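Me: Please take me through the helix packing and the surface of this protein. Keep it short.

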Amino acid sequence: GVKSLLLPALALGLFQAAVLVRATRSAVLDVMREDFVRTARAKGLSEGRVIALHTLRNALIPIITVIGLQLGQLMAGSIVLESVFALPGLGRLALGAISARDLPVVQGVTLFVAGSIVFINFAVDLAYVLVDPRIGYEHDSDQDGTPLSIGGYAAPLSRLESQVREVCRGVGRVDDPSGSAAPLGYQGTAF
């Protein structure tokens, strides 16, 4: 029953919990230095209200990112734990299929795990929009004007990818004699 799951859950969750607590503490301390937190305190709000309403909500973006990464790690860690604790599950099925060289089962498990991780990343991107309404996903276009969308819906971009695109737009591009675009200041030869 549930007692047999206690030790595997502790083995799988304690390290992940420590990482999450450390990331939460770091994010909250970063937000606590912001001006709006000082303003909330100056208005006379209690420390609990300041932390609950102002600090934690603004610190959620990095916390959600860590949670998304940890869910993928939990899936990988459960494969090992299922074999160590002799629990039935996807990990034990995968290890049995590998030892029996049953490639269709290995491919199926791999596809399921990869699809789950893609879904988790998509859910994390959607959670960003729910937590911070300033983050929005809009239709974007490629260099040649082709929209980056599938079926009329813009592909969601992670916050980091959006920031990288903004930096790249600010750098600018120049054309080299061969006609292909090269980053500004790049004068090397084409390989």
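Me: At what angle do H4 and helix H5 (residues 90-99) pack?
Reply: This is a predicted model, in which local features need pLDDT of at least 70, side-chain atom pairs count only at pLDDT 80 or more, and totals for chains, interfaces and linings use all residues. Residues are numbered from 1 along each chain as its sequence is written, and side-chain values use heavy atoms, without hydrogens and water. The axes of H4 and H5 are 7 Å apart (lines fitted to C-alpha atoms, for helices over the stretch in contact, with angles from 0 to 180 degrees between N-to-C directions). Their packing angle is about 80°.

Me: Which term describes how H4 and H5 are oriented to each other?
Reply: Angles under 35 degrees count as roughly parallel, over 145 as roughly antiparallel, 65 to 115 as roughly perpendicular and the rest as oblique. H4 and H5 are therefore roughly perpendicular.

Me: Which residues of H5 make the contact with H4?
Reply: Contact means heavy atoms within 4.5 Å. On the H4 side, Ile79, Glu82 and Ser83 take part. From H5 come Leu90, Gly91, Arg92 and Leu95.

Me: Is H4 roughly parallel or antiparallel to H6?
Reply: The axes of helix H4 (residues 60-84) and helix H6 (residues 103-131) come within 10 Å and cross at roughly 170°. That crossing makes H4, relative to H6, roughly antiparallel.

Me: How many charged residues are in the contact of H4 with H6?
Reply: Residues of H4 in this contact include Ile64 and Met75, and those of H6 include Ile120 and Tyr128. The classes are nonpolar (Ala, Val, Leu, Ile, Met, Phe, Trp, Tyr, Cys and Pro), charged (Asp, Glu, Lys and Arg) and polar (the others, Gly among them). The contact has 12 nonpolar and 4 polar residues, and the number of charged residues is none.

Key:
Helix = DSSP H or I, 4+ residues; strand = E, 2+ residues; numbered from the N terminus.
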